[in-house]
Amino acid sequence: MRAVVCRQFGPPDLLTIEECDVPQPGPGQVRVKVQAAGVNFPDTLLIEGRYQLKPDLPFTPGSEVAGTVDATGEGVTGFEVGTAVLGTVPFGAFAEFAIVEATTLMRRPASMDPIVAAGFATTYGTSIHALTQRAGLQPGETLLVLGASGGVGLAAVEIGKAIGTTVIAAASTPEKLEIARAAGADHLVNYASCSLKDRVKELTGGKGVDVACDPVGGDLLEEALRATGWGGRVLTIGFTSGTIPRIPANIMLLKGNALVGVHYGPFQKNFPDVNRQNFEQLFAWHAQGKLKPLVSSVFDLSETTAALKLLANRKAIGKIVLTVGGTQ
Ligand SMILES: NC(=O)c1ccc[n+]([C@@H]2O[C@H](COP(=O)([O-])OP(=O)(O)OC[C@H]3O[C@@H](n4cnc5c(N)ncnc54)[C@H](OP(=O)(O)O)[C@@H]3O)[C@@H](O)[C@H]2O)c1
């Protein structure tokens with residue numbers, strides 16, 4: 001099979017496309033014939049050896065797939081060969097076949113095409129987990145989303161609207177903010193040109209938001225904490241800015257608010273039933289037209305390097321997807 005291979009940690013240019021053996025599913029695993037694979041920010045860190053997970057070399061990157069069931073391992077039920085599916089893997093998705101744990105694999109709704117499905121699982125799965133299980137976001141509350149035109153951020157904007165909250169989208173350019181507005185955001189803040197905290201306070205009549213969702217980190221995390229009101233919850237999801245901030249604990253004390261960590265991988269593994277319920281809700285919202293996943297760029301597997309560079313250079317909007325096999 002054709003696969004992207006990382007033989008040494010480094011920039012995307014070092015990746016190669018090679019002929020590899022088709023992997024065999026072990027107990028509890030499913031081999032998926034990949035039609036399309038989503039590109040995610042952690043892929044850019046993984047190939048450079050800068051992610052919390054460091055696979056043995058050589059390995060195939062890619063953490064999100066859409067395709068059809070090709071073979072099942074011992075003990076797997078409910079996934080017949082040919083079933084349309086979507087799912088996530090720690091790595092191994094940028095290939096014609098990928099091995100996925102059956103507990104995290106989802107049947108793909110007929111209304112969702114493989115390209116959209118390939119960019120759905122990680123970002124929407126992370127954002128719904130963050131907003132519901134971690135923040136307990138309620139209808140009528142106010143939600144601030146940073147990096148609001150990126151994969152996780154745009155999903156959070158849409159889910160926030162589907163839950164019935166007022167959404168303040170924050171991003172670094174007017175073009176990115178317009179993407180968030182089109183996804184339903186009620187208010188926009190450009191944090192490259194004004195103080196996030198001051199503008200959010202203005203927009204909320206001095207009260208601050210109930211929940212903030214932060215996939216960016218750096219100085220913005222502290223600003224987001226200062227932009228919440230009493231009892232606010234701030235979700236720390238990622239550090240695309242490149243800086244893991246240190247936060248003064250007195251902010252939490254003074255405002256009675258909480259800094260809440262989000263780690264989707266272990267949640268998926270340890271709470272598969274809750275994760276499945278989350279996806280039933282996401283698929284229902286998608287069928288109702290409340291979620292409109294934005295895939296802004298589609299590349300062939302042979303163009304993986306270009307796709308990863310787009311993401312790493314802060315140029316991506318919504319999701320980038322690689323087509324692998326046929327998508328019909
Ligand atoms: N905790 C978890 O379980 C979990 C799960 C999934 C993803 N994540 C993490 O969430 C973060 C976002 O992932 P994503 O797939 O949504 O990424 P993405 O699509 O690239 O979006 C990230 C956003 O970060 C902002 N950003 C700020 N500085 C940046 C820089 N130097 N380079 C690139 N982007 C920068 C950009 O928005 P502006 O230009 O508007 O600032 C961009 O839209 C990543 O750190 C990822 O590892 C965590």
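A nonpolar core is a set of buried Ala, Val, Leu, Ile, Met, Phe, Trp, Tyr and Cys residues joined through side-chain atoms within 4.5 Å. In this predicted model, the largest such core has 46 residues. Ile159, Leu235, Phe279 and Leu282 have the most contacts inside this core. Helices and strands both contribute two or more residues, among them helix H3 (121–134), strand S9 (166–171), strand S11 (209–214) and helix H10 (272–287). Helix H4 (151–163) is also on that list. H4 gives the most, with eight residues. Residues of the core come from both domain 1 (2–120 + 294–323) and domain 2 (124–262), so the core lies between the two domains.

Ile159 illustrates the packing. Leaving aside residues up to four places away in sequence, Ile159 touches Tyr124, Ser127, Ile128, Leu131, Leu282, Trp285 and Leu291. Another core, of 32 residues, lies apart from the largest one. Val39, Ile47, Val65 and Leu308 are among the residues of this other core.

A nitrogen atom of the ligand lies 2.8 Å from a backbone N or O atom of Val262. For Phe239, a backbone N or O atom is 3.4 Å from a ligand oxygen atom. Arg314 places a side-chain N or O atom 2.8 Å from an oxygen atom of the ligand. On its own, the ligand has 900 Å² of accessible area, of which the protein covers 91%.

Technical notes. Residues numbered from 1 in each chain as written. Predicted model: local features only at pLDDT ≥ 70, side-chain atom pairs only at ≥ 80, totals over all residues. Heavy atoms only, no water. Buried < 20%, exposed > 50% of the residue type's maximum accessible area, 1.4 Å probe, protein only. Helix = DSSP H or I, 4+ residues; strand = E, 2+ residues; numbered from the N terminus. Domains from an automatic or database assignment. Contact = heavy atoms within 4.5 Å. Polar contact = N/O pair within 3.5 Å; in protein donor to acceptor, adjacent residues only side chain to side chain. Areas by Shrake-Rupley, 256 points an atom, 1.4 Å probe, with all protein chains shown as cover.
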